[in-house]
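Subject: Structure handover

Hello,

Here is the structure you are taking over. Please open it first; my notes come after it.

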Amino acid sequence: MKRALTRWPALLILVLGAILSACGGAPASTPTESPATEATESAEAPAATEAPAAATEAPATEATEAPVAATEAPATEAEPYIFGMVLVGPINDGGWNQAQYEGMKYVEERIPGSKFIYIDKVNPADRPNVKVEQVIDELIAQGATFVVTNSAEFGDGTNIAAEANPDVTFIHASGDSVLAGKAPANVGNIMGKMIYGKMMAGCAAALQSETGKISYLGPLIDPETRRLVNSAYLGAKYCWTDVLGKPADQLSFKVTWIGFWFNIPGVTLDPTQVANDFINGGSDVILSGIDTTEAIVEANKATQAGKKVYAIPYDYKAACEQAPDVCLGVPYFNWGPTYLKAISDAKAGTFQQSFDWIAPDWTNINNPDTSIVGFENGAALSADNATKLDAFIAQLADGSLNLYTGPLNYQDGTPFVADGTTADDKTIWYSEQLLEGVDGQSAP
Amino acid sequence: MTTSNQAAPAQKPPKAAIRSPLLFGALALVGALIFTSIVLLSSGVPPLEAYRLIFLGAFSTPVRISDMIMLAAPLMLCSAGLTLTFAAGLYNLGVEGQMILGAVAAMIPLRLFPDLPPPLLWALAFACGAAGGAAWATLAAWLRVGLRVNEIFAGLGLNFLASGIALYLVLGPWRRVGQASSSGTEPLPNALWLPTLDKLRLAPIAPIVALIALAIIWAAVTRTRWGLELRAVGLNPQAAGRMGVPAARRLAESLAACGALAGLAGAIQIIGVFHQLIPSISSGIGLLALLVVLLVRANPAWVLPVAAAFAVFTVGSVQLPLALGTDSSIAGVLQGALVLFALLARGLSARK
Amino acid sequence: MEVSVHNLTKVFGTLRANDGVSLRFAEGQIHGVLGENGAGKSTLMKLLSGFLRPDGGEVLLEGKPVALGDPGAALRAGVGMVHQEPLDVPGFSALENLLCAAPRWALPSRTEARNTLTVLAGRLGFSVAPDDPISALTVGQRQQLEIIRLLACGARALILDEPTTGITAAQARSLFVALRRLAAEGNTVLFVSHKLDEVADLCDTVSVLRAGRVVGEGQMAMPQPQERLLRMMFGGGGHSSPQVETPRRGVSTAPPAWQLNRVAARDGNMALTDLNLAIPAGAVVGLAGLEGSGQQILLRLLCGQFRPSAGRISLAGADLTGAGAAAFRRGGVEYLPADRLVEGVVGPLTLAEHFALLQPEGAIIDRRAAEGAARQAITDYSIKAMPASPIMALSGGNQQRAMLAMIPDNTRALVCEQPTRGLDVASARAIWGRLLARRDAGCAVVFATADLDEILEYSDYVLVFFAGQISRLLPRAELSAPRLAELIGGVDFATVAGSRGATAT
């Protein structure tokens, strides 16, 4: 009896811990939020549940299209077209997931009588033992006939769910199962050519860096993340040597992979810690490749502490607002227009399976209604460097500069692109290693 | 316990025994519901609708029923194992790690001999899973019996170590070709997945294994000398030792048996649920099983209904975010509150 | 402050720990309270200091009845208790302990606390400095700190429970000096002990408790003859003890059950050295002595729970030196602990389940056989229970009978610790009937008890323990009750000490 009594505290802690961890949700993956992102979220929260509300809200944001939505909404109210999304992280992460979420909101505003539903934080840390197939089933049970899954590891589950639900159309964003020929006919792949965004980010980093030590906060290692690191490196190298004329050996480019798209305590490296290691190692520009905003947060802290560290966040257009003073710019996704087309096609019954790797709208990469990839300059980028960056972008736009031109070698010395040739899309998509000159793990 | 009533009239049972455990169970349930309702109301969610989804949601479609069963199977295995350690007076918090090691061990034959006939491989995976879990638990037992490290701390430490091993394998030797992601290893070839019922994620072998294991454990605890000795050791190790029971050995055996069952659960997670090794392969099922066992204590007969109910809550609540805009973790609040109030009720009844 | 109790009663279950105790402790004096283990001293002191609430009767301070709900209330009323093991926080300094254990009104500031500590320590000749860490203090110094704390909190009556246990002789002397000074200043000191010489040395009055009651005429002025006090403590008054009726066997010729050769063993402060002993089979050996004189060590040596640090132990000729309890049990030694529910039986398990545990090998429980055995035991031993009764639901006597019933027939030797503790007379008699039947069947029975009547009534041989020494095996026939009481008190102990026999340090 006495033994049992002494263990009561332990029991209570156990139970309370269970309750707390159940209540806790996902503090780990929720970044510090700027007031701006809070605001957008709260403004849109009602719209998530009520389709007509989207119509009444629309005039404020989109004057031209709103009246259409407003007039048509009542007619279709009875039978809304429901489309859903499965997100790996929280919708307010200030990065990848927020950009995805806002892309879907863009669609909901523009398709009258449509309704957007979603389940976010679908990852083993936040929802243990919940598989993506299960979540897709829930969306379909709520009436969704079009489902986007937004993370690379959802590929297999998306295909399984697609086979089980042939009447529902699926987009696996960032995936390549269509290209690989493994996808059922009702699955499509969409990805923006972020390689260009990353080239611009790399260029901006090289232009502004004083030490020439650039670091890249990498997520997990797969072909997508390798090609993005390689692209950032190529942009940095070009702008360091060809634009600034500095010697190549004074540029260092280091990547550290944390192991997942965002921090999962105990599982991934802590991105805050990694960012600090970069800073302590002498890096003065940190490029983020992860879904969340630790890089810019830590750069800002270091700058406030007297160092001079810049950051280039990723994914989400407003990401610089977290700390404008250290932000050189952000390469971002603008999913809305592409999703609008895909969902409109599916609604009209004209969906065709395809693997779409879509380049920015080179006439204006920041056009919110046309360009899937953009680059927003940050307040910390000097005017001079902004001019140089614009020139660089213009070269990319007109095709006069192709950074994937040989000779390019992989880290282990094997040729990647032969001298005098340029890499085709598929070669770049399936980048097997990091490039020679990048310091970091390739995991071939 | 024993059921004979025919003996000579004698001693009245003590007062505490007269009070029905059912009454306290009902009080615990009411308390937990009130607590959870307060949580729900404070976040603006209609409790009745939420309870309808939590209690009945898992039965609304065949898919959900099958998901519930696939969660209940490993949960039952872990809970059944924990009734053994509970009977022996141990709090085997290491059950999570034992499940992880079971999953890791189950992967070994699948990776080494993918060309063997699948039924043989499944048998091997189950056997290796059980062995892996038992080995990991034996480590905890050694720490407890040999070095007198409290099994709670030993278990927690070994859990961390087990996660570390799984993570290392996922990111290192067993990673997908050309990738290094903590999302998991290369999925198993479809042929090695436990066969499922048509269009459902229900692999019937999993609940069958769980039910058989549960029956064996029930018989072991209630019918065998070994089970009786285990209970004697758990209730009073000194007295049991005086009566000739090898107490330390029984402690170690209960841990190892629990580890083996947790390992089976881990094997189910591999070949029946995730079809790959992921770092969080245990998915908190071991911790959920600890809650189950705090309710059922050393009585395996109650594992089936309670584990099933917990699985129902968990699966039913998956739709909460969509249907009511609240987080699905409310099921965890309900489960935790149930246990908390059950402990409270028990504490009250013990004070008579 | 005068402290008195009137008709004070405290009941634990069936045990009347204090049964109508009435005493008056005058101020300015040191009052000894004597009694054997379980006599009710500690209960009385806990009632006085608010740790327990009485079930009947009242506590009076300065003649006025008071209700002492908790130790804090008692201290506010002026009664403070120094426990055997001082209650303090090991990581703190002396000053910090004083601060955290004293109510705010007593020591409003750190500076004040420091002054109080220094002043009181100086006045009482204590060697505690404010900044000493508790972990570096001896038990004696911690006791001093506790006394200072109680005085600082306004205590005018101090209760000390076995204060000299675990402290050095020098510390005891300085404690006595301080206590005399406190009494001279008008405080009341209650000194609880079972050590006669200390009481004789220190106290102005003495009261003896036995089985929860005040023995004899109540409070007596010191000095008193030691033998008288011993008789009061242990009973065995000679006149009151019933004449021995049990058939007694002569000196046994059977080979010894246990043979101990130059055995040494230690438990805490107490150590046995160079113990040579042959315990005969077919006889009852009673271990007599003040509590904590070494009987425990011998009992545990005999059942293998302690391993000797030197020497050899053999059981019926087989050398079991260094073997564990399991080996002794296999060799036919059964141990009946005093604390039945702690060490003896598994309380929540039923009688039948206990018999199932004792079944010889077999993976599946034979419930029918177990229930049969339980029913047989119920009949044979007149246990008031059903096979399905949990053991903890049984009364103490029935638990003890059940424990005896579980002892296998082929048992060679029984080691019993207080075999009739907490039992009524009829139960005790029944238990002894069983034990003597075992003896007559050739089993060796060794038991320890605080009750001299029990020793005299049932033993064939007596081993007397005094201050760490052990007598030789004394045939009961050679002992009278007064003589045994004297030996326990150490009078002429040298005459019975084992020739090379048992000595202890």
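The notes below go from conventions to the chain, its domains, a sheet and the contact with the other chain.

This is a predicted model, in which local features need pLDDT of at least 70 and side-chain atom pairs count only at pLDDT 80 or more, while totals for chains, interfaces and linings use all residues. Residues are numbered from 1 along each chain as its sequence is written, and chains are lettered from A and ligands numbered from 1 in the order in which they are written.

Chain A overall

Chain A holds 15 helices and 15 strands; these are DSSP runs numbered from the N terminus, with helices being H or I of at least four residues and strands E of at least two. It has 444 residues, of which 56% count as buried (20 or more other C-beta atoms within 10 Å of the residue's own, with C-beta atoms placed from the backbone). Among contacts in chain A with a separation of 6 or more, 68% are between residues 24 or more positions apart. A contact means that the C-beta atoms of two residues, placed from the backbone, lie within 7 Å.

Domains

Chain A splits into domain 1 (28-192 + 336-358) and domain 2 (195-333 + 375-439); the bounds come from an automatic or database domain assignment. Between them, 23 residues of domain 1 are in contact with 23 residues of domain 2. On the domain 1 side, helix H3 (35-49) and helix H6 (96-110) of chain A give two or more residues each, and H6(A) gives the largest share, four residues.

The five-stranded sheet

An open sheet in chain A has the strand order S9-S8-S6-S7-S15, with parallel pairing (two strands pair if DSSP finds at least two bridges between them). Strand S9 (310-312) and strand S15 (438-439) of chain A are at the edges with a single partner strand each, so one side of each has no neighbour in the sheet. Strand S6 (213-218) and strand S7 (252-257) of chain A run parallel and are joined by six bridges. Tyr216(A) stands opposite Val255(A) in S7(A).

Contact with chain B

41 residues of chain A are in contact with 45 residues of chain B. On the chain A side, the elements giving two or more residues are helix H2 (8-24), strand S2 (114-119), helix H7 (132-141) and helix H8 (155-164). H2(A) has the largest share, eight residues.

Regards

Conventions. A residue is buried if 20 or more other C-beta atoms lie within 10 Å of its own, exposed if 12 or fewer, and partly exposed in between; C-beta atoms are placed from the backbone.
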